[in-house]
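The sequence and structure come first.

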Amino acid sequence: MTEETHPDDDSYIVRVKAVVMTRDDSSGGWFPQEGGGISRVGVCKVMHPEGNGRSGFLIHGERQKDKLVVLECYVRKDLVYTKANPTFHHWKVDNRKFGLTFQSPADARAFDRGVRKAIEDLIEEVENGFWRAQKAPGLPTVLL
């Protein structure tokens, strides 16, 4: 990955060590991203990429040995997340598939909780924004 993002350390919901994987559907296998190696991977809160003032969440991975950014994936509320086994989870956004081979089942569980929290926050933000937009000044809120 060429684009570099360095979120603040305090913006992370979770950070773990894992090998970042990518899916090659033509061969049907998972392969280490950018040659492999242990990366520090986390879910962090960032300003939304569209620059509309809203916040979003980014899954950010940086390989430890050379600080190369090997994973940047914005979390969306429709992200499909799969726990394939205790130390390998993968997800799909649009046509892209990413995976993580975790150092331990505890890291995998922590990362899963972080992703779920990010998705819940995104859904809550959309729902709250929707309800605020439906209420006109001086009129009662109508629940649809």
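## Aromatic pairs

Phe 88 has a relative accessible area of 12% and is therefore buried, the limit being under 20%. This value, like the others here, is computed from a predicted model. Trp 30 has a relative accessibility of 22%, so Trp 30 counts as partly exposed.

A pair of aromatic rings is described by the distance of the centres and the angle of the planes. The structure contains 5 aromatic pairs. In one of them, the ring centres of Trp 30 and Phe 88 are 5.2 Å apart and the planes stand at 70 degrees, so the pair is edge-to-face. Because Trp 30 belongs to strand β2 and Phe 88 to strand β7 (residues 88–93), this pair ties together parts 58 residues apart in sequence.

The rings of Tyr 81 and Trp 91 have a centre distance of 6.2 Å and an angle of 15 degrees between their planes, so this pair is stacked. Tyr 81 lies in strand β6 (residues 80–85) and Trp 91 in strand β7, so the pair ties together parts that are 10 residues apart in sequence. Tyr 81 and Trp 91 are both buried.

## Overall fold

The chain has 8 strands and 1 helix. Their order from the N terminus is β-β-β-β-β-β-β-β-α. Of the 144 residues, 37% count as buried.

Among contacts between residues at least 6 apart in sequence, 49% join residues that are at least 24 apart.

## The β1–β2 hairpin

Strand β1 (residues 12–24) pairs with strand β2 (residues 29–32) in the antiparallel sense, over 4 bridges. Across this pairing, Arg 23 stands opposite Trp 30 in β2. The hairpin has 4 residues between its strands, and Gly 28 takes a positive phi near 75 degrees there.

## Arg 63 and its surroundings

Arg 63 is in strand β4 (residues 55–63). Its relative accessible area is 6%, so Arg 63 is buried. The side chain of Arg 63 reaches the backbone oxygen of Glu 34 at 2.4 Å.

Leaving aside residues up to four places away in sequence, Arg 63 touches Gln 33, Glu 34, Gly 35, Gly 36, Gly 37, Ile 38, Ser 39, Leu 68 and Val 70.

Most residues other than glycine have a negative phi. Glu 34, which is not a glycine, has a positive phi of about 55 degrees. Glu 34 is placed in the loop between β2 and β3 (38–47). With a relative accessibility of 41%, Glu 34 counts as partly exposed.

Lys 67 is also not a glycine, and its phi is positive at about 65 degrees. Lys 67 is found in the loop between β4 and β5 (69–74). Its relative accessible area is 52%, so Lys 67 is exposed.

How values were computed: Residues are numbered from 1 along each chain as its sequence is written. This is a predicted model: local features need pLDDT of at least 70, side-chain atom pairs count only at pLDDT 80 or more; totals for chains, interfaces and linings use all residues. Side-chain values use heavy atoms; hydrogens and water are left out. Helices (H or I, at least four residues) and strands (E, at least two) are DSSP runs, numbered from the N terminus. Buried means under 20% relative accessible area, exposed over 50%, partly exposed in between (1.4 Å probe, protein chains only). A polar contact is a pair of N or O atoms within 3.5 Å; within protein, one must be able to donate a hydrogen and the other to accept it, and residues adjacent in sequence count only if both atoms are side-chain atoms. Contact means heavy atoms within 4.5 Å. Two strands pair if DSSP finds at least two bridges between them. Rings of Phe, Tyr and Trp (its six-membered ring) pair if their centres lie within 6.5 Å; planes under 30 degrees apart count as stacked, over 60 as edge-to-face and the rest as tilted.
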